[in-house]
Structures are given as C-alpha cells and as structure tokens.
Amino acid sequence: MVVALFLYAMAITLTNTGYRTDLLLVKGSPFTRVQTFKRNGAIQDLTGYTFAGQVRTTSGSLVASFVCSVVNAPQGLFMWSLPAISVGLLALGQEYPWSLEFTTGGATYELYRGVVTAVEEITQP
C-alpha cells in the first residue's frame with residue numbers, strides 16, 4: 001500500500017530566531033528606536049527585563065554594541081540605539097549581521113536579527 005500526502009498553498013517555516021529585520025542606516029548618523037514590547041497583542045511589563053544587541057562582521061568580530069534600556073517597564077517601553085560614532089564604523093555598502101536579545105527570568109531570547117548596511121547621506125547642508 002502506498003500512502004501519499006500532499007499539502008498545497010502553505011509554506012511553513014519554524015524558527016527559534018528573532019524576527020528578520022534589516023537596517024539601512026546613514027553612515028555617521030545616530031539610530032534610535034523606542035518601542036512597545038507586546039506578547040500576543042498585549043503590552044508586556046518589562047520589570048526585570050534587560051536588552052542587548054550587537055553588530056558583527058561576517059567573520060564574527062564585534063563592530064558595535066547597541067545601547068539598550070527599559071524606558072518605562074509597566075508600559076512595556078524599551079529603547080535601543082547605535083550612537084553616530086558606532087554607525088560611522090560601518091563600511092559603506094557592506095552588510096553586517098546584527099541581533100537584539102532580551103533576558104528575563106534567567107532565559108535569553110532573540111527578538112530581532114538581520115543585516116545592517118550603511119549608506120551615504122544624500123542631502124547635504
């Protein structure tokens with residue numbers, strides 16, 4: 001007996017990595033995001049949470065670390081940024097892997113991952 005199973009019109013990807021997010025940053029300009037952390041659509045209290053992120057070369061060398069902080073724990077607000085000097089270290093057009101993680105209750109989870117690429121500023125003063 002031969003049994004065949006066919007699945008149509010549905011691609012399934014299972015992952016334990018963070019959301020794929022690529023960053024395109026103007027070389028030498030600061031990058032800052034303040035955002036609300038939600039789980040299943042509900043604001044997550046960030047009391048006891050810490051965040052950390054890094055940009056690395058494709059060979060794994062550290063290029064820059066994100067500055068991360070919880071801005072308002074009960075409201076789920078956190079900030080992550082790269083200062084202008086850190087963005088200035090990125091070579092124009094080169095892709096660097098990066099990720100942002102959070103730690104709570106002794107466990108660490110990846111929130112975002114992707115590549116960061118520096119571009120030139122177009123409009124000049």
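Mentor: Two strands pair if DSSP finds at least two bridges between them, and strands are DSSP runs of E, at least two residues, numbered from the N terminus. This is a predicted model, where local features need pLDDT of at least 70, side-chain atom pairs count only at pLDDT 80 or more, and totals for chains, interfaces and linings use all residues. Residues are numbered from 1 along each chain as its sequence is written, and side-chain values use heavy atoms, leaving out hydrogens and water.

Trainee: Okay, in which sense do strand 2 and strand 11 pair?
Mentor: Parallel, over four bridges. Strand 11 covers residues 107–119, and its Val119 stands opposite Val26.

Trainee: Which way do the side chains of strand 2 point?
Mentor: They alternate along residues 23–26.

Trainee: New topic: which residues lie nearest the centre of the largest pocket?
Mentor: Tyr19, Phe37, Lys38, Phe102 and Leu111, out of 13 lining residues. A pocket is an open set of points on a 1 Å grid over the protein atoms alone, where a 1.4 Å probe fits, with protein on both sides within 12 Å along at least five of seven lines; lining residues have an atom within 4 Å of a point.

Trainee: And which strand gives the largest share of that pocket's lining?
Mentor: Strand 11, with three residues. Strand 3 (31–36) and strand 4 (38–39) each supply at least two.

Trainee: What lines the second largest pocket?
Mentor: Among its lining residues are Arg20, Trp98, Glu110 and Arg113. Strand 6 (50–56), strand 10 (95–104) and strand 11 give two or more residues each.

Terms used
Buried means under 20% relative accessible area, exposed over 50%, partly exposed in between (1.4 Å probe, protein chains only).
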